[in-house]
Amino acid sequence: MRLHTTTWGSGDRTALLVHGLMADHRTWRRVGPALASRGYRVMAVDLRGHGASARAAGPEEYRPEDYSDDLVETLPAGADLAVGHSLGGLALARAVERLKPARAVYSDPAWHLKSGPFGYVPELFVRGKSLSRDFVKEFNPGWSDDDLDTEMESVRVWDERSAYGLVDVVGTDMWPAHPVVPSLVTLADPSALIPAGDAAMLEGRGFTLRTVAGAGHTIHRDDFDGFMSALDGWI
């Protein structure tokens, strides 16, 4: 699938941004211009079923490999930087060998979805379609009004069937065996997706890890300055 893209800047270097589940390119509303000011031409996608991109025929077409194939179909190979958050980090990791960016950043990536009642439950995400703005604000106290507005709009247009496309990979090993390119993993504090033992495993496999103190899962919204500081040496 050819994805909808949004671009900031016109620099000589190229950066790619891939959002997480329920979001779209608008989640990068501050990161995109910040990278553009550093000399990048920044391209942010809307994954299938998100934002202005097309919807798939059904949940069976919202698999990790579908997302990664779409990235390869849509984005240029050989970018200077590629950043993926959560589901976007999973899709990017599966596409990175074909996209071949010079460097990659995986922000609290969804490389392992836990099973069981306290693991990945698609119905909980679907329920997010009906949450009020006040509830979202209470759950994300560090978000600005603009972030809350874009979140509400992104969730409104999101195809909730995509939540069920990940059911078959719940509980499976999706950890990258090694970084295909120099790779930074930024972590929430604490990270529900990558606890300390798994973080040590990733370091042992050659990934660089940096934790953004006090940040939640959507690090770039919870602490924009902390997220950008974590990229020092990578941009």
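The largest pocket in this predicted model holds about 1500 Å³ of space. Its lining takes in 49 residues, and those closest to the centre are Met22, Phe125, Phe139, His217 and Thr218. Sorted by class, the lining comes out as 25 nonpolar, 16 polar and eight charged residues. Several helices have a hand in it: H3 (87-99), H4 (122-126), H5 (133-139), H6 (145-157) and H8 (219-222) each put in at least two residues. H6 gives the most, with four residues.

Turning to the aromatic rings, the count comes to five pairs. One of the pairs brings Tyr106 and Phe207 together edge-to-face, with 6.5 Å from centre to centre and 70 degrees between the planes. Tyr106 belongs to strand E5 (residues 104-107), while Phe207 sits in the loop between helix H7 (196-204) and strand E7 (208-211), so this pair ties together parts that lie 101 residues apart in sequence.

The charged end of Arg103 sits over the ring of Trp234, at 4.3 Å from the ring's centre. Arg221 lies over the face of Trp143, and here the distance to the ring centre is 4.7 Å.

Technical notes: Residues numbered from 1 in each chain as written. Predicted model: local features only at pLDDT ≥ 70, side-chain atom pairs only at ≥ 80, totals over all residues. Heavy atoms only, no water. 1 Å grid on protein atoms, 1.4 Å probe; cavity = no way out; pocket = protein on both sides within 12 Å on 5 of 7 lines; lining within 4 Å. Points joined across faces, edges and corners; volume = space filled by probe spheres on them. Nonpolar A, V, L, I, M, F, W, Y, C, P; charged D, E, K, R; others polar. Phe/Tyr/Trp six-rings, centres within 6.5 Å; stacked < 30°, edge-to-face > 60°. Lys NZ or Arg CZ within 6 Å of the ring centre and 35° of its normal.
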